Amino acid sequence: MPAERNSDRSACHELVEYTVVTLKDGKLRFLDLTGRAINRSKTGLCFITRYPLKSGYVLEFRGKVLQRSQGIVMWIRNIGGIYMAGTRLIEKSPQTIP
């Protein structure tokens, strides 16, 4: 985990619902998963999950827990059969139509 933070974190304990896309045997799989938030900030979220995410996975969050709906897994730790994940939230850029 990085020692420096760009924004202050606050504790939270909400349910986090998210989708992760994985590639297995040459096929894309969309997994709908849940976790429990530990803390969050304007730019990140730390949560506990049962699924072994990997650094670099892009997550699509559902619900109204977060102001942003996507995040990138920056780090993951196995803590005895469950996992703690640190994600950086992605700012949505406005789409333009040519």
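**Note on surface and ring contacts**

1. In this predicted model, a nonpolar patch on the surface is formed by Val21, Leu23, Leu28 and Phe30. Together these four residues have about 450 Å² of accessible area. Two elements, β2 (15-24) and β3 (27-40), each give two or more residues to the patch.

2. Is Val21 buried, partly exposed or exposed? Its relative accessibility is 37%. Buried means under 20% and exposed means over 50%, with partly exposed in between, so Val21 counts as partly exposed.

3. Turning to the aromatic rings, the structure holds 3 aromatic pairs. Such a pair is described by the distance of the centres and the angle of the planes. For Phe47 and Phe61, the ring centres are 6.3 Å apart and the planes stand at 85 degrees. Planes over 60 degrees apart count as edge-to-face, so the pair of Phe47 and Phe61 is edge-to-face.

4. Which parts does this pair tie together? Phe47 lies in strand β4 (residues 44-49) and Phe61 lies in strand β5 (residues 58-62), so the pair links parts that are 14 residues apart in sequence. Phe47 and Phe61 are both buried.

5. A last point concerns a charge and a ring. Arg77 lies over the face of Trp75, and the distance from the ring centre is 5.5 Å.

How values were computed: Residues are numbered from 1 along each chain as its sequence is written. This is a predicted model: local features need pLDDT of at least 70, side-chain atom pairs count only at pLDDT 80 or more; totals for chains, interfaces and linings use all residues. Side-chain values use heavy atoms; hydrogens and water are left out. Patches are made of residues with over 30% relative accessible area and no salt bridge: like charges are joined within 9 Å, nonpolar side chains (Val, Leu, Ile, Met, Phe, Trp, Tyr) within 5 Å. Accessible areas come from the Shrake-Rupley method with a 1.4 Å probe; for residues, only the protein chains shown count as cover. A salt bridge is a side-chain nitrogen of Lys or Arg within 4 Å of a carboxyl oxygen of Asp or Glu. Helices (H or I, at least four residues) and strands (E, at least two) are DSSP runs, numbered from the N terminus. Buried means under 20% relative accessible area, exposed over 50%, partly exposed in between (1.4 Å probe, protein chains only). Rings of Phe, Tyr and Trp (its six-membered ring) pair if their centres lie within 6.5 Å; planes under 30 degrees apart count as stacked, over 60 as edge-to-face and the rest as tilted. A charge sits over a ring if NZ of Lys or CZ of Arg is within 6 Å of the ring centre and within 35 degrees of the ring normal.
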